[in-house]
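Q: I would like to learn how to read a few features of a protein model, one at a time. Could we begin once the structure is in view?

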Amino acid sequence: MGFQQGLSGLNAASKSLDVIGNNISNANTVGFKQAQVQFADVYANSLSGASANAVGIGVRVSTIAQQFTQGNISSTNNPLDTAINGNGFFRMIKNGAVTYTRNGQFQLDKNGGLVNAQGQQLTGYIANAAGVLSTGSASPITINTADIAPAQTAKVSGVMNLDSREYVPGTQKPVTIPPVITPIAFSPTDPTSYNKSTSVTVFDSLGNSHVLQTYYVRVDPVTTPPATAGTIEWNVFATVDGNPFDATGALTPAATTPTPIGKLAFDNMGKLTGAIPAYAATDPRALQMIVPVASGAVTPINTTANIKFDYTNSTQFGSDFSVSSMKQDGFTSGKLSKFNTAKDGTIVGSYTNGQTKVLGQVVLASFTNSNGLQSLGDNQWAETSESGQPLVGPPNSGGLGALTASATEDSNTDLTGELVNMITAQRVYQANSQTIKTQDQILQTIVNLR
């Protein structure tokens, strides 16, 4: 029986060395999870049950358990590389077969799919043309590389301070009470006919840019009573590509009598109290005008384009005119220049026109018993009855790990520990061979008895 014990020990030590060697050989394999051999003792079966004095007959390999501990995360130069920091697996698919991996080395195939070296495609939630995710079942992710369509300007938001020390254009100085005013008709080419101006670029429906200039004219509160007592008002004029509005509110190159697109009112504390729009607006603090936007000098793109002006948070203090911000919501067309994966798996594309759009979202899968997964090679695992069904969801939620872009997860092999384990396994192998040698010597002694 000693031979059997020794032989089982040799087999166990050999298996341990195999696993250690495999761990060491995969020390540089991205996403690799080292394995550990677990042993169990062996006793002979008996009809009367186990005896208190029974001697074991050796050892056997109970299981080879992979250790799903976190590996170090290393940066790479590939923006498509993605590392999982925490629990979960990437969900891959090829020809309908679903597998799971921790290796996040991805690249784009000819169709824009995110694939690994084996041609398996990463799965997740798909985004429509507007960037809205469909969070039903996970599907193969394909990056849409089409140009982003232009958006016509619909709103201009400005935050500014109009200087309360400004005089009404044409006011004679020194100021008398009542003030003496020489009427000056507004003209965008006459700087004395307005107090201040600023500009912003707007876009038509085809993404063509146009310069929208706004002019601010102090209104005399004595000769022109404000709409509300105690307020100071400013007329707002506008031009597009140098063409002002006429008395009908239309924008034509032949306009000779520009009219205000609206009026801003401030109280005696310099706070914006409201706006009087030249055209209907639902926001009492906004102005709305009609802007016919043309492409070139001949063919108009749109006969009219309604642009709302929002001056919320603007002030009238006794300080110099200043523009804190002047934003608009239109943009020209743009090409996809790059995309990045966020911690929650959202893939966001950046375009040459400065816009961003959600292109999809990577999902992760977790299992109740990861050690129940079947190893397939190529850093791939398959679901089994022992692993349980996968729980699929967005990263950084529900116990799933977060993603790191332009990075990969290193092998979790502990080289120092494995080298120590190798020495231990070698000693165990030598010791078991020694038991066989000793048994052989004993038997030889018995055989030589005469």
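Q: In which strand does T341 lie?
A: This is a predicted model, in which local features need pLDDT of at least 70 and side-chain atom pairs count only at pLDDT 80 or more, while totals for chains, interfaces and linings use all residues. Residues are numbered from 1 along each chain as its sequence is written, and side-chain values use heavy atoms, with hydrogens and water left out. Strands (E, at least two residues) and helices (H or I, at least four) are DSSP runs numbered from the N terminus, and T341 lies in strand 21, residues 336–341.

Q: Is T341 buried or exposed?
A: Buried means under 20% relative accessible area, exposed over 50%, and partly exposed in between, with a 1.4 Å probe and protein chains only; T341 counts as buried because its relative accessibility is 11%. Contact means heavy atoms within 4.5 Å, and, leaving aside neighbours within four places in sequence, T341 is in contact with residues including T82, I347 and L403.

Q: Which residues touch the most other members of the largest nonpolar core?
A: A nonpolar core is a set of buried Ala, Val, Leu, Ile, Met, Phe, Trp, Tyr and Cys residues joined through side-chain atoms within 4.5 Å. In the largest one, of 21 residues, they are V156, L162, L212, Y216, L264 and Y311. Strand 14 (232–240) is among the elements that give two or more residues to this core, and its four residues are the largest share. A second, separate core has 19 residues, including M92 and F339.

Q: Where is L449 placed?
A: L449 is in the segment after helix 2 (415–447), and L449 is exposed, with a relative accessible area of 64%.
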